[in-house]
Amino acid sequence: ADIISTVEFNHTGELLATGDKGGRVVIFQREPESKNEPYNQGEYNVYSTFQSHEPEFDYLKSLEIEEKINKIKWLPQQNAAHSLLSTNADLLPQSKLYPQIEMCSSH
C-alpha cells in the first residue's frame, strides 16, 4: 500500500476517490444503509482501482515528473455514469480524463 496524497468525494457522497504517491486512484462506494445492520452505516468498500499516472521525464525542462496524484476532481454528472479528472502536476496538460465509471443500481 502506498501513502494517500489526495481524497475527493463526489457531489452526493456516494463515491470517494483517493489518489496516492504511486499514481494509483482507488474509488470507494458507500454501502446502502440497512436497518438490520446499523453498524454498517457509512461504510465504504472498494469499487474500482486503476493506475492513473506513471513517472515521466520532461526533456524540455530537464525535469522528472513524479506519479504522485496531487488532485482529483469529480466532473458534474450528466447521466448514470461518473467521470473524474486526476493530475500529477500543477499543469493542466498533465491531467487525464478517465472513462466513465458505470454505476448500476437495482432501483
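Tutor: Let us start with a definition: helices (H or I, at least four residues) and strands (E, at least two) are DSSP runs, numbered from the N terminus. This is a predicted model, in which local features need pLDDT of at least 70 and side-chain atom pairs count only at pLDDT 80 or more, while totals for chains, interfaces and linings use all residues. Residues are numbered from 1 along each chain as its sequence is written, and side-chain values use heavy atoms, with hydrogens and water left out.

Student: OK, how many helices and strands are there in the protein?

Tutor: The protein has zero helices and eleven strands.

Student: And where does Asn-10 lie?

Tutor: Asn-10 sits in the loop between β1 and β2, the latter covering residues 15-20.

Student: Is Asn-10 buried or exposed?

Tutor: Asn-10 counts as buried because its relative accessibility is 6%, where buried means under 20% relative accessible area, exposed over 50%, and partly exposed in between (1.4 Å probe, protein chains only).

Student: What does the side chain of Asn-10 have a polar atom close enough to list, on the backbone nitrogen side?

Tutor: A polar atom of the Asn-10 side chain lies 3.0 Å from the backbone nitrogen of Gly-13, and the backbone nitrogen of Glu-14 is 3.1 Å from a polar atom of that side chain. A polar contact is a pair of N or O atoms within 3.5 Å; within protein, one must be able to donate a hydrogen and the other to accept it, and residues adjacent in sequence count only if both atoms are side-chain atoms.

Student: Which residues is Asn-10 in contact with, leaving aside neighbours within four places in sequence?

Tutor: With those neighbours set aside, Asn-10 is in contact with Leu-15, Trp-74 and His-82, contact meaning heavy atoms within 4.5 Å.

Student: Switching topic, what about Thr-6?

Tutor: Thr-6 belongs to strand β1, residues 4-9, and it is buried because its relative accessible area is 10%. Beyond four places in sequence, the contacts of Thr-6 include Ala-17, Thr-18 and Gly-19 as well as Ile-69 and Ile-72.

Student: Last one: where does pLDDT stay under 50?

Tutor: pLDDT, the predictor's confidence in each residue from 0 to 100, stays under 50 over residues 92-97, for which the model has 18 contacts beyond four places in sequence. Residues 103-107 also stay under 50, with six such contacts. For the protein, the mean pLDDT is 79, and 75% of the residues reach 70 or more.
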